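This report describes the architecture of a single protein chain. The sequence and the structure are shown first.

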Amino acid sequence: MAQPSRLIYRKPHLTSCSGKAKGCKKVDFGEFGLMCINGKGMTKDLQQRTGNWVTEKQIEAVRVVISKYCHLYSKQGAKMWIRIFPQLTVTKKPIGVRGGSGKGSPDRFVAVVKQGTVMFEVANIPESEARECLRKAGAKLNVCTKVIKKGERGLYE
């Protein structure tokens, strides 16, 4: 699983997932992309303007799904791009430990995905197969997703 090789801060303050994406708002490398629309599992009010954290395990699960489709079309030169990276450390206290005595130890890494971020891209796969592939990949994530084509308008363009 992906994780940073070095960290500047071992236990950073948590960042906000609310707001619009600043970068990765359009399909740059491939022909089709998987875009975050909003966060899942939140109240309707929060859902309309937030993203969510995507863990390293979820990114790996999506990579496996997409690479199966890329393997089927490897003779046509199918490729995939992962545009997010888990670089934020999330801490957790051990079970049975009471409150106080500082922040917990680092538990896992997450990628902060805001609304409008293109997370994954594929190229050289037929359109129907690419849409099916990215639809299945989006089911592995804890954010609502949308499949977009290169040149299509995203959420905030």
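## Helix α2 and its strands

Helix α2 (residues 56–72) lies across β2 and β5, and runs at about 65° to β2. Helices (H or I, at least four residues) and strands (E, at least two) are DSSP runs, numbered from the N terminus. Contact means heavy atoms within 4.5 Å. Axes are lines fitted to C-alpha atoms, for helices over the stretch in contact, and angles run from 0 to 180 degrees between N-to-C directions.

## Basis of the model

The model is predicted: local features need pLDDT of at least 70 and side-chain atom pairs pLDDT 80 or more, while totals for chains, interfaces and linings use all residues. Residues are numbered from 1 along each chain as its sequence is written, and side-chain values use heavy atoms, with hydrogens and water left out.

## Overall architecture

The protein contains three helices and seven strands, arranged along the sequence as β-α-β-α-β-β-β-β-α-β. Its C-alpha trace spans about 55 × 35 × 25 Å along the principal axes.

## The open sheet

An open, antiparallel sheet is formed by three strands in the order β2-β5-β4; two strands pair if DSSP finds at least two bridges between them. β2 (52–55) and β4 (88–92) each have a single partner strand and stand at the edges, so one side of each lacks a neighbour in the sheet. On average, neighbouring strands of this sheet are turned by 50° against each other, direction ignored.

Four antiparallel bridges join β2 to strand β5 (residues 105–113). Thr55 stands opposite Val110 in β5.

## The aromatic pair

There is one aromatic pair, where rings of Phe, Tyr and Trp (its six-membered ring) pair if their centres lie within 6.5 Å, with planes under 30 degrees apart counted as stacked, over 60 as edge-to-face and the rest as tilted. The ring centres of Phe29 and Trp81 are 6.1 Å apart and the planes are at 20°, so the pair is stacked. Phe29 lies in the segment before β1 (32–39) and Trp81 in strand β3 (residues 79–82), so that the pair links distant parts of the chain, 52 residues apart.
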